[in-house]
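User: Could you take a close look at how the helical part of this model is packed together, and tell me which residues do the packing? Please give the cut-offs behind your terms as you go.

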Amino acid sequence: MSEITVRDPATVRAVMEWRGAVPPVVDGPGPTLALRAAMARFADATEHDARRAEVEAAIATVDVEGLGEAVRVLTRARFGELSLDANLLARRVPTQALAAALGLDRVDVADVDAIAAVIGRGSPATPAADAATERLLALAAAHPAGAVAAVSLLYQCLDATAALLLTTLHASVSGAPRVAAVPRTRRVAAREGVVGALAVSVGDVLVVELGQAGLEFGAGPHECPGRAIADAIVLAMCQELATGGYDVDPATVTTDADGRLVAATLSRADSSGRQLEPGS
Ligand code: HEM
């Protein structure tokens with residue numbers, strides 16, 4: 001059993017398409033880890049298809065045009081301020097707008113953040129996170145696609161869409177190509193096999209470099225089903241910020257080890273009317 005970093009683009013795709021490589025399991029007590037275990041995102045091949053159908057059904061309930069309009073309204077609501085915290089805006093507005101689009105207006109973004117810390121960022125489950133999970137599942141209990149599917153969408157939206165927004169805004173001021181919003185994912189080999197250029201043994205942990213392979217939305221059975229929604233959110237917010245005259249202040253930019261913008265101030269100094277285009 002070893003940890004293998006997969007960089008070759010063809011092998012990255014092959015690993016993501018191979019059913020023998022499954023998302024890592026995190027065992028533990030409490031509703032937050034139980035929610036993680038019930039999500040499509042972390043399902044193995046035996047359970048994935050049914051859960052995938054549920055998240056796709058939840059996505060199908062979203063009116064994408066209405067979602068974009070909600071993003072615009074929530075973004076405009078901040079226009080009284082001379083400078084905006086890009087990270088705060090990128091984390092709050094998309095999740096609030098998506099929650100409303102799912103009919104879950106009373107969702108508190110702080111609750112989604114609390115579960116994302118445990119499920120997505122590897123923090124230990126805490127009573128506070130477990131209480132957040134219970135509140136979210138209770139609010140989503142009546143969703144036609146099921147509470148787990150609806151809460152899954154909020155969870156998946158939060159960090160990834162913030163990253164897509166921030167990397168897009170960053171590229172618009174730096175002039176450099178946009179870096180991948182999701183640089184990598186992990187898999188564990190559930191069986192032995194030869195995948196692309198790689199021979200794997202049972203238990204090998206695969207660190208799959210999606211971004212370098214140009215696959216920031218993933219590939220294979222778990223490929224992101226929320227891409228159209230995420231693109232609509234980012235387009236609406238970038239257009240609205242440009243209309244409001246807000247631009248990233250380059251002096252305030254902080255990036256992470258993958259070159260992704262993680263903190264910056266948006267200032268109203270630029271009156272050139274330049275448009276910020278997603279994917280630039
Ligand atoms: C509204 C926003 C979003 C929603 C609702 C959403 C939803 C989802 C869901 C439900 C999954 C799990 C699918 C499955 O396992 O079958 C997923 C996977 C994924 N999403 Fe998204 N997503 C969103 C935004 C994004 C963005 C902005 C990115 C990157 C630019 C992204 C990248 C990914 C990747 C890489 C995976 C696969 C992870 C893996 O296989 O390990 N998502 N998404």
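Analyst: Ala 45 lies in helix H3, where helices (H or I, at least four residues) and strands (E, at least two) are DSSP runs numbered from the N terminus. Ala 45 is partly exposed, at a relative accessible area of 35%, on a scale where buried means under 20%, exposed over 50% and partly exposed in between, with a 1.4 Å probe and protein chains only. From Ala 45 to Ile 229, which is 184 residues away along the chain, the C-alpha separation is 25 Å.

The model is a predicted one, in which local features need pLDDT of at least 70 and side-chain atom pairs count only at pLDDT 80 or more, while totals for chains, interfaces and linings use all residues. Residues are numbered from 1 along each chain as its sequence is written, and side-chain values use heavy atoms, with hydrogens and water left out.

Taking contact as heavy atoms within 4.5 Å and setting aside neighbours within four places in sequence, Leu 266 touches Leu 82, Ser 83, Leu 84, Ala 86, Leu 89, Leu 169, Leu 241, Tyr 246, Asp 247 and Val 248.

As for how H8 sits against H9, the two pack at an angle of about 45° with their axes 10 Å apart, the axes being lines fitted to C-alpha atoms, for helices over the stretch in contact, with angles running from 0 to 180 degrees between N-to-C directions. That angle makes H8 oblique to H9, since under 35 degrees counts as roughly parallel, over 145 as roughly antiparallel, 65 to 115 as roughly perpendicular and the rest as oblique. From H8, the contact is made by Cys 157, Thr 161, Leu 164, Leu 165, Thr 168 and Leu 169, and from H9 by Ala 230, Asp 231, Ile 233, Val 234, Met 237, Cys 238 and Leu 241. By class, this contact has 10 nonpolar, 2 polar and 1 charged residues, where Ala, Val, Leu, Ile, Met, Phe, Trp, Tyr, Cys and Pro count as nonpolar, Asp, Glu, Lys and Arg as charged, and the others, Gly among them, as polar.

H6 is mostly covered, with 8 of its 11 residues buried, namely Val 109, Asp 111, Val 112, Ile 115, Ala 116, Ala 117, Val 118 and Ile 119; what covers these residues includes helix H2 (31-38), H5, H7 and H8. H5 packs on H6 at an angle of about 105°, with the axes 10 Å apart, and the two helices are therefore roughly perpendicular to each other. Here Arg 91, Arg 92, Thr 95 and Gln 96 of H5 meet Val 109, Val 112 and Asp 113 of H6, a contact of 2 nonpolar, 2 polar and 3 charged residues.
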